[in-house]
Amino acid sequence: EAEFVQEKESEFLTRPEISHGTFSYQRPDRVRWEYRSPNPITLVLDGDEMVTWYRDLERAERARVGRVSTQVFHYLSASGSLDSLLGYFSVTFTAPAPGEPWRLELKPRYPRIARRLSGMTLWIDRALYLPVRVAFVEPNGDQTRYRLESLRRNVPIPAERFALELPAGVEVREVDLGGAHGNGAGDD
């Protein structure tokens, strides 16, 4: 679990949008992002289903994420090998100054991935061996950066944290993500 700060930059924003919240992850396939500010949003990913609740809009979206979720969790749970990661991305390692996190620059090897992600940077804590910062760059130049703070590893997380109970009156819309059941990154 961790507290997070998310910073988004986009050509459609006059200034970066900064969000704060908490992040919980439980192996093998459960994640909860709880955005507190500026907009209260809860996103729960449990297996192959993702629910995003826009609290202030009294609206939620439910989507099946299928195999995409499986691939993401493969790396989050550390069950993926570096060889597997290198199959999808070219990786550049930057030797940091003493005490600074390791830095990995990832560039997609396949057009299917590159259509959604131009690059990603991971900063890995030397003592915890976990990401403490992540930056994504989309093909249009939009950027999203996460900074994880107060990281707590291997703490017990109650199962109900990943069971999102929506109050009566919340409109739930089913969303088709299209490519969630595709044939893999090397298709193109």
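1. Six bridges join β3 to β4, and the two strands run antiparallel. Strands here are DSSP runs of E with at least two residues, numbered from the N terminus, and two of them pair if DSSP finds at least two bridges between them. Tryptophan 33 sits opposite leucine 43 in β4, and the hairpin formed by β3 and β4 has three residues between them.

2. A word on the source before going further. This is a predicted model, in which local features need pLDDT of at least 70 and side-chain atom pairs count only at pLDDT 80 or more, while totals for chains, interfaces and linings use all residues. Residues are numbered from 1 along each chain as its sequence is written, and side-chain values use heavy atoms, with hydrogens and water left out.

3. Now to the partner β2. Strand β2 (residues 17-26) pairs with β3 in the antiparallel sense over seven bridges. Tyrosine 25 stands opposite valine 31 in β3, and a hairpin of three residues leads from β2 to β3.

4. On to the charged side chains. A salt bridge here is a side-chain nitrogen of Lys or Arg within 4 Å of a carboxyl oxygen of Asp or Glu, and by this rule the count comes to 15. One of them joins glutamate 3 and arginine 36, with the closest N and O atoms 3.2 Å apart. This pair links distant parts of the chain, 33 residues apart: glutamate 3 lies in strand β1 (residues 2-9) and arginine 36 in strand β3 (residues 30-37).

5. How accessible are these two? Buried means under 20% relative accessible area, exposed over 50%, and partly exposed in between (1.4 Å probe, protein chains only). Glutamate 3 counts as partly exposed at 24%, and arginine 36 is partly exposed at 47%.

6. Arginine 30 and aspartate 46 also meet in a salt bridge, at 3.2 Å from N to O. Arginine 30 belongs to β3 and aspartate 46 to strand β4 (residues 41-46), 16 residues apart. Arginine 30 is partly exposed at 23% relative accessibility, and aspartate 46 is partly exposed at 29%.

7. Please have a look at glutamate 34 too, which forms a salt bridge with arginine 55, the closest N and O atoms being 3.3 Å apart. Glutamate 34 is in β3, whereas arginine 55 is in the loop between β5 (49-54) and β6 (59-64), 21 residues away. Glutamate 34 is buried, at 16% relative accessible area, while arginine 55 is partly exposed at 30%. Elsewhere, salt bridges that share partners join Glu1, Arg152 and Arg161 into one network.

Key
Helix = DSSP H or I, 4+ residues; strand = E, 2+ residues; numbered from the N terminus.
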